[in-house]
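Colleague: Hi! Could you walk me through this one when you have a minute?

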Amino acid sequence: MIFPRARLTDNLKKSAPPDTKFVCNLSSWMMIKEFNNWFEHFLQHTRPTIDNPVLLILDGHNSHINNLTFVERARESFVTVVCLPPHCSHKLQPLDMSFMGPLKTSLSQAIEDYLKISSG
């Protein structure tokens, strides 16, 4: 989970699923360092092998496509990466618009409301 803030507090971790990874940055956007850490977490949970490779479908975010460390790590870890063309995720990923977008908005608002109540 990426939180748009400078510091991570224990309140943000409450009730999270086991082994959830948390990071904070002021932009709340995925950066190369955070993405590489996420990818290592992904590898731990998917455990791809030569006989059981994994397909990872990504958008064309800069942290994915301009990241030689990630590309090399994916190749050596039996992960095939497919990047979606720009400006088409709403067509190729309809759940982004119909479900994940509204969920993200509601979750962000709930977190903001909770933080206002619990810190005041």
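Modeller: Happy to; we can go from the overall fold to one helix pair.

Modeller: Keep in mind that this is a predicted model.

Colleague: Nice. What share of the 120 residues is buried?

Modeller: Buried residues account for 21% of them. The accessible surface is about 8900 Å², and carbon and sulfur atoms contribute 59% of that.

Colleague: What about contacts in terms of sequence separation?

Modeller: Take the contacts between residues at least 6 apart in sequence: 52% of those join residues at least 24 apart.

Colleague: Switching topic, how do helix α1 and helix α3 cross?

Modeller: Helix α1 covers residues 32-46 and helix α3 covers residues 68-76. Their axes come within 10 Å and cross at roughly 10 degrees. An angle under 35 degrees counts as roughly parallel, so α1 is roughly parallel to α3.

Colleague: Is that crossing left-handed or right-handed?

Modeller: Right-handed, as α1 passes α3.

Colleague: Which residues make the contact?

Modeller: From α1, they are F35, N36, F39, E40 and L43. From α3, the partners are T69, F70, R73 and A74.

Colleague: How do the residues of that contact divide by type?

Modeller: Five are nonpolar, two are polar and two are charged.

Note on methods: Residues are numbered from 1 along each chain as its sequence is written. This is a predicted model: local features need pLDDT of at least 70, side-chain atom pairs count only at pLDDT 80 or more; totals for chains, interfaces and linings use all residues. Side-chain values use heavy atoms; hydrogens and water are left out. Axes are lines fitted to C-alpha atoms, for helices over the stretch in contact, and angles run from 0 to 180 degrees between N-to-C directions. Helices (H or I, at least four residues) and strands (E, at least two) are DSSP runs, numbered from the N terminus. Angles under 35 degrees count as roughly parallel, over 145 as roughly antiparallel, 65 to 115 as roughly perpendicular and the rest as oblique. A crossing is left-handed if the near helix is turned anticlockwise from the far one by less than a right angle, and right-handed if clockwise. Contact means heavy atoms within 4.5 Å. Ala, Val, Leu, Ile, Met, Phe, Trp, Tyr, Cys and Pro count as nonpolar, Asp, Glu, Lys and Arg as charged, and the others, Gly among them, as polar. Buried means under 20% relative accessible area, exposed over 50%, partly exposed in between (1.4 Å probe, protein chains only). Accessible areas come from the Shrake-Rupley method with a 1.4 Å probe; for residues, only the protein chains shown count as cover.
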